[in-house]
Amino acid sequence: MGLDLFIKKYKYQLQAAMPNYDVAWEHSKDDPIVFEDGENVRLSFVSIADTHIAPNELSFKNLENIFSDCENSKENFDALLMAGDIAEYGRKKEYEGFFSVYDKQKVIPNVFLTMGNHDVRFLYKRNQKIIMDKVNEYLNIDTNGKSFYSKDVKGYTFIVLGTEKRVLEKAHITQEQIDFLDRELKRGTENKKPVFVMCHQAFAETHGLPEVWKTGDMGEQSDLVRAVMEKYENVFFINGHLHGGVFEKTLHILNEEKNCISLSIPSYRKQNNFGHQDCGVGYYCEVYDDKVVFTARNFLTGKSVENEFSKFTFKLI
Ligand SMILES: [Fe+2]
């Protein structure tokens, strides 16, 4: 492949690999998060992705803004979903930074973590253990050495998928993990409640793949995992990795009849590639008896995101 073609093909990956110069973002208190109906919300969570924490104070400080933003709101938040690429290089110091920021905060009682390619591309075993040990500690569960797990919060099931070996940018999902997903989805949707599933990588041919990120999908088992998801109703899938931004491909309907939805969370630390491209953007989710609402939010600056793709409401079936 010629250099020109290579640059064109892998443009977005190359952009993300460029050194970026962190600044300390100021968090504003003027535009706090307000839920649609805070009195009747059953569950709420914040979802972010691709924090790519570097071993420097600015990087840690910018992560703190998420918690300042939640603290500045009158609403309550039950969980933080972090969709992988926690660290930039997978160094111990980067994880220590992430966890020390989480340890200091008092506003989000549960954190769900999964591994991204940046976390495990050099040292799979060591970093898998660092991350999963923290999952066990924070959620008070026993993942038993595995890279996947689930936990219920306020009666709602969260299922986290994770690669079981290093496969460049993709994930390796064993049959054991697919069977686990199937079982947990069956259990979680039995009472008609929505279930939330998270993995770093997206399903193949969703969210504009492969054009938006040549190597952005889950990999070989993508279709098998997706088929299991589509067996059940009101399933919400959350991924990171694509650094897409808030644009027309942020949301992907996997199965309309089943209300099976995929949401691709922008990168928290790096500039995103399409639409509203600011870093610091994630989505917060409000769960009601009859609907689920996802709203984009700049947690770094404490501001709403004005964009036609910044709010998605799904009626539960
Ligand atoms: Fe990634």
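A residue is called buried if 20 or more other C-beta atoms lie within 10 Å of its own, exposed if 12 or fewer, and partly exposed in between, with C-beta atoms placed from the backbone. The model shown is predicted, so local features need pLDDT of at least 70 and side-chain atom pairs count only at pLDDT 80 or more, while totals for chains, interfaces and linings use all residues. Residues are numbered from 1 along each chain as its sequence is written.

**View 1. Tyr-268 in its loop.** Look for Tyr-268 in the loop between β9 (260–264) and β10 (281–287); strands are DSSP runs of E, at least two residues, numbered from the N terminus. Tyr-268 counts as buried because it has 28 C-beta neighbours inside 10 Å. Beyond four places in sequence, its contacts (C-beta atoms within 7 Å) include Ile-48, Asp-50 and Cys-279. From Tyr-268 to Cys-199 is 16 Å in space, C-alpha to C-alpha, and 69 residues in sequence.

View 2. Outside four places in sequence, Leu-161 is in contact with residues including Phe-148, Val-197 and Cys-199.

**View 3. Helices α3 and α4.** Here α3 (residues 57–71) packs on α4 (residues 92–104) at about 35°, with axes 10 Å apart; axes are lines fitted to C-alpha atoms over the stretch in contact, and angles run from 0 to 180 degrees between N-to-C directions. Helices are DSSP runs of H or I, at least four residues. Ser-59, Phe-60, Leu-63 and Glu-64 of α3 meet Gly-97, Phe-98 and Val-101 of α4.

Conventions. Two residues are in contact if their C-beta atoms, placed from the backbone, lie within 7 Å.
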